[in-house]
Amino acid sequence: MTGTSPTLEAWKRFKRDRAAVVCLVLFIGYAVVALLAQGVELWDGPPFRYELTLHEIGLPFIEGATPPSSEHWLAWLGTTAQGKSVLVRTFHGTKVAFVVGMFGAGLSVLIGTTLGLLAGYFGKWVDELVVYTYSTVASIPYLLLMLALAFIVRQGPVAEIYRGLPFADYLSIGLFNIVFVVGMTSWVTLCRLVRAEVKKVRNLDYIQAARALGLGHPRILFRHVLPNVMHLVLINFSLTFVRAIKSEVILTFLGVGVDREPSWGQMIAGAKSELMQGIWWPLLVSGLALFLLTLSVNIVADALRDALDPRLKNG
Amino acid sequence: MTRFLLRRIAYAVPVLLGVALITLFLFHIAGGDPVAIKLGKNPDPAEVEALRQELGLYDSFARQYVEFIRQTVTFDYGRSWADDTPVREIFRRGLFPTLSVSVPGFLIGVFLAIAVSLLVAVVRGSLLDRTVTALAVAGISISSLVYILLGQWLLADQWKWFPVWGFSYGPGAVVFVALPILIWVALSVGTDVRYFRTVILEEIGQDYVRTARAKGLSETRVMVAHVLRNSLIPIVTRMTIAVPFLITGSFLLEIFFGIPGLGSTLFTAIQNSDLPVVKAFTMVGAVLYVFFNIVADLLYAVVDPRIRLE
């Protein structure tokens, strides 16, 4: 075969998995909706439509909680216990899910890859320090680590510093909180994998050759070592993306997550009292929105693993 | 083997010291004011002062750290700041409720997952295999909160099959833990099936399986005596590593179903800045985690003679 590369080969293998391709398209669809939601928010400005009840928007005939109805497009998916549009809230929740997923997984992958690369490449005391760090972090009960980190962002000095940052207006502290918690608690798995892989790659001839040519460590690390672990990074990114979206639900339910804007977590957590009043549609719609996104990423992640790491392929 | 054990145990010490340091450090920046929680909103300033002295809040960080280590070594964390109960008593009380959900949930989940994955691995590629694999990936894509909310609402609130909330010590607990156990199984079985199926398929692809078949062994014998036996190595390791999490339990299930276990206790303690309880739980969790990781490595070496510990 001419004109082919490992990436192209992997893409060809990926394309053969039709379910994965459908899921990739679905994922891109979600991403477009998330961008649209961000756009609408910037265009509309406060007071945001998702904060208003349909009554306030000027639809007096829709009062309180309404099941899905065809009377007006805002009520297509029903209204919440407070009379707010489920459709609009779910739409904006997509944006929250993407911010949390992308930045949370991004932070986690950044920490895990950097530490793993350094540990595997330099060895010696750097390696020992990294191994010690992740052994210690992994030994702390997850609930404690998660809640303590969440509290730190919310009320500690971190909150003060955060408010001064240039992007604080765009990324509310509740969202940053989830990104921070996911980033700080999910990097260990990838760090272990990257470290082990780099240890293998480090002694290969072409790395030795690069060193003999007098290339600097940063160049060797980024140009020659990093590409060898990119498949691990990509797979781990998608799995952490899922984890971040699921964590948003738990953290928001516990009262340390998203608070100033609607999110799927808020809608799901809110269902605890809504269900008792027989209002099931906000849970159904938000739960389904989360399910389809998570499912598509999980399936894409599986296909990525099969396509990028043929050694692991089985069945 | 002895050298390996000694080295692992020696390594556990700095890890646990690190856990203690991080816990105390996190508490110092994130913890609320335990005095305010204990004395209410408008306390007498003299009383506040006396209590702060008593709780050791004015001690230096180093001194609090040394005290923490001392408490860990003697396993005596004193009394809870919230209600003066000895921490040991809190632990003893919460253990049964937690284990009555987590142990059955874990065992049922694992055995169900092993059975299912063995079955689908035999008929890999068939419609049954594809259906189960699809269900498993769908199952792990649902938020755990949705499982709990729907389970509680539908099975307990609407259909009245189970009580919605509560717990009873002794055999009466069965009624209250049945639904949480069911949800525990639903939450874990998808992940387990996916993992076990991969493990079993990896074994099926090995040369010795072909040899066993070539010898004329029956498919059942090949699967049970050869494939399952070898797959048990990673399966048992995974189960061993999960043991510490059975003791901390699922705090979400405990909160939702009013089970007075260790998970919901830790959650309340964190919210109330109840440092003695938080310290005890963290260290017990960390010691168990480290311990069972060493056990898993040992088991690996015991069942697989090719692995040599160094």
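What percentage of the 310 residues in chain B do buried residues make up? Buried residues make up 34% of chain B, where a residue is buried if 20 or more other C-beta atoms lie within 10 Å of its own, exposed if 12 or fewer, and partly exposed in between, with C-beta atoms placed from the backbone. In chain A, 44% of the 315 residues count as buried.

Before we go on, a word about the model. This is a predicted model, in which local features need pLDDT of at least 70 and side-chain atom pairs count only at pLDDT 80 or more, while totals for chains, interfaces and linings use all residues. Residues are numbered from 1 along each chain as its sequence is written, and chains are lettered from A and ligands numbered from 1 in the order in which they are written. The predictor's confidence in each residue is called pLDDT and runs from 0 to 100. Chain B has a mean pLDDT of 87, with 97% of its residues reaching 70 or more. For the complex, the predictor gives an ipTM of 0.88 and a pTM of 0.90.

Let us start with chain A. Its secondary structure comes to 13 helices and zero strands; helices (H or I, at least four residues) and strands (E, at least two) are DSSP runs, numbered from the N terminus. The C-alpha atoms of chain A fill a box of roughly 75 × 50 × 35 Å along the principal axes. Two residues are in contact if their C-beta atoms, placed from the backbone, lie within 7 Å. Among contacts in chain A between residues at least 6 apart in sequence, 69% join residues at least 24 apart.

Chain B also gives 13 helices and zero strands. Its C-alpha atoms fill a box of roughly 85 × 60 × 35 Å, again taken along the principal axes. Here, 72% of the contacts with a separation of 6 or more are between residues 24 or more positions apart.

Now look inside. In soluble globular proteins, nonpolar side chains tend to be buried together. A nonpolar core is a set of buried Ala, Val, Leu, Ile, Met, Phe, Trp, Tyr and Cys residues joined through C-beta atoms within 7 Å. The largest such core has 149 residues, and those with the most contacts inside it are Val100(A), Leu144(A), Leu147(A), Ala148(A), Leu149(A) and Ala150(A). Helix 4 (residues 86-122) of chain A supplies the largest share of this core, 16 residues. Leaving aside residues up to four places away in sequence, Ala148(A) touches Leu26(B) and Ala30(B).

That brings us to where the chains meet. The contact takes 33 residues from chain A and 37 residues from chain B. On the side of chain A that touches chain B, the largest share, eight residues, comes from helix 13 of chain A. The residues of this side of chain A divide into 22 nonpolar, nine polar and two charged. In this count, Ala, Val, Leu, Ile, Met, Phe, Trp, Tyr, Cys and Pro are nonpolar, Asp, Glu, Lys and Arg are charged, and the others, Gly among them, are polar.

How do two helices meet within chain B? The axes of helix 5 (residues 87-122) and helix 12 (residues 262-271) of chain B come within 7 Å and cross at roughly 130°. Axes are lines fitted to C-alpha atoms, for helices over the stretch in contact, and angles run from 0 to 180 degrees between N-to-C directions. Helix 5 and helix 12 of chain B are therefore oblique to each other, since angles under 35 degrees count as roughly parallel, over 145 as roughly antiparallel, 65 to 115 as roughly perpendicular and the rest as oblique. Helix 5 of chain B brings Ile90(B), Gly94(B), Leu95(B) and Thr98(B) to the contact, and helix 12 of chain B brings Leu262(B), Gly263(B) and Thr265(B).

Finally, visit some exposed spots. None of the eight residues of helix 10 (residues 205-212) of chain A is buried, so this helix lies largely in the open. Gln277(A) lies in the loop between helix 12 and helix 13 of chain A and is exposed, with 9 other C-beta atoms within 10 Å.

Most residues other than glycine have a negative phi. Lys124(A), found in helix 5 of chain A, has a positive phi near 45°. Lys124(A) counts as exposed, with 8 C-beta neighbours inside 10 Å. Lys160(B), in the loop between helix 7 (144-158) and helix 8 (173-204) of chain B, has a positive phi near 60°.
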